[in-house]
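Please look over the sequence and structure below before reading the notes that follow, which are grouped by topic.

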Amino acid sequence: MESILLKDKVASLEGYFAAGGYKPLRKALGMKPADLVEEVKKSGLRGRGGAGFSTGLKWSFIPRDAQGPRYLVCNADEGEPGTFKDREILLKNPHALIEGMAIAGYAIGANRGYIYIRGEFAAETALLEQEIFAARAKGFIGRNILGSGFDFELSVHRGAGAYICGEETALLESLEGFKGQPRLKPPFPAVKGLFAAPTVVNNVETLAAVPAIVEKGAAWYAAIGTPKSAGTKLFCVSGPVKRPGVYELPLGTPLRDLLEKQCGGLLEGRELKAVIPGGSSVPVLTAAEAMGVNLDYESLAAAGSMLGSGGVIVIDKSQCMVKLLQVLARFYHHESCGQCTPCREGCGWLEKILDRLESGRGSAADIDLIVSVADNMTGRTICPLADAMAMPAASFVKKFRAEFDAHAAGRCCPPEAAGKH
């Protein structure tokens, strides 16, 4: 399969242009904005940041009769543990994002775009700013793009490393200069977003796919993957596999193929125990479940998990599931913005319970308490951060209860995981 997002030798403007870059932008500027939105809608492209919502449908929510400015914002605040795909695009194919944003800006009537990038991405930020400057010099962004009469200016804004700013409304708050805390919805950003104006927020991978869709058509893109999960997806694999890294595959690819054919299987002497298929915030799958599931939105939902960001975390039998959940709880407790009580208190409570279990001071009642606390966190907060802790917690206990029971009985880790902390 030809790569759409991770092509070779296209990091510079010269390389990207030689490979046909910016022809889709010229084509898009010759279309009516409404037709462009419809084309993206027909392609089946869904948001690659985790939610999986129809991209074209999201664009269509911008009120056509809205007066004043409109904004396009790229979420490049990649902070989900186990996820490192967007930075590959930023480093290896930045012009796909730049061109995708210019096309999206034209489609929704936005003359201003912002790339909100994770503060730790210093090299990515420097390269992105360099290539934006090069694109502006050639007339691909800025005033009167390619003589079309359409203006689109693009800026990079560095965050300060807060995981919560990966949530789109917290991102907008931060971009405006306020504390990064999620907003109540409605109103949704399409109606009242950045600076109280209509705004679309898409992530890096989503926007980088747009030029190829415009170039080759919605039908071509929709034919890749499955009927409900169209196109390719970047999967970033970490853990004890022979070839960890980022892989671009059609949606619907068996998880077994990703691990065995692309990653070369597990390291010698390691045996698969579990897989987190979509970044740290989704429910875990046992080895048997993982080896029988396909990588698309519907298949993973049927298996009781989620595609999420595509961060595939491989866990082998030497790892203690209680310890892993303790690490996750520490992360989410630290990253909670504190605005909602169930998240602020729940994440901290879970961390304390897991600290007790991991240190041998826990009891059997603590295991049921984890499930109860997680249940009372789910769906009760402004943003999904509480759910991002609660869903893994509940699934870890459900799938690997014996390990939690062993810790509660004072035996701590199973023998094969002992000493692996």
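In which sense do strand 1 and strand 2 pair, and over how many bridges? Strand 1 (residues 71–76) and strand 2 pair in the parallel sense over six bridges, where pairing requires that DSSP finds at least two bridges between two strands. This is a predicted model, in which local features need pLDDT of at least 70 and side-chain atom pairs count only at pLDDT 80 or more, while totals for chains, interfaces and linings use all residues. Residues are numbered from 1 along each chain as its sequence is written, and side-chain values use heavy atoms, with hydrogens and water left out.

- From strand 2 the chain crosses through helix 7 (residues 122–137) to strand 3 in a right-handed β-α-β crossover (clockwise from the first strand over the helix to the second, with the strands pointing away from the viewer).
- Five of the six residues of strand 2 (residues 112–117) are buried, so strand 2 is largely enclosed by the rest of the structure (buried means under 20% relative accessible area, with a 1.4 Å probe and protein chains only).

**Helix 6**
- In helix 6 (residues 94–108), 15 of the 15 residues are buried, so this helix is largely enclosed by the rest of the structure.
- Just after helix 6, Gly 109 takes a positive phi of about 80°.

**Thr 253**
- Thr 253, which is found in strand 7 (residues 253–254), is buried, with a relative accessible area of 14%.
- The side chain of Thr 253 reaches the backbone oxygen of Pro 250 at 2.7 Å.

Terms used: Buried means under 20% relative accessible area, exposed over 50%, partly exposed in between (1.4 Å probe, protein chains only). Helices (H or I, at least four residues) and strands (E, at least two) are DSSP runs, numbered from the N terminus. A polar contact is a pair of N or O atoms within 3.5 Å; within protein, one must be able to donate a hydrogen and the other to accept it, and residues adjacent in sequence count only if both atoms are side-chain atoms.
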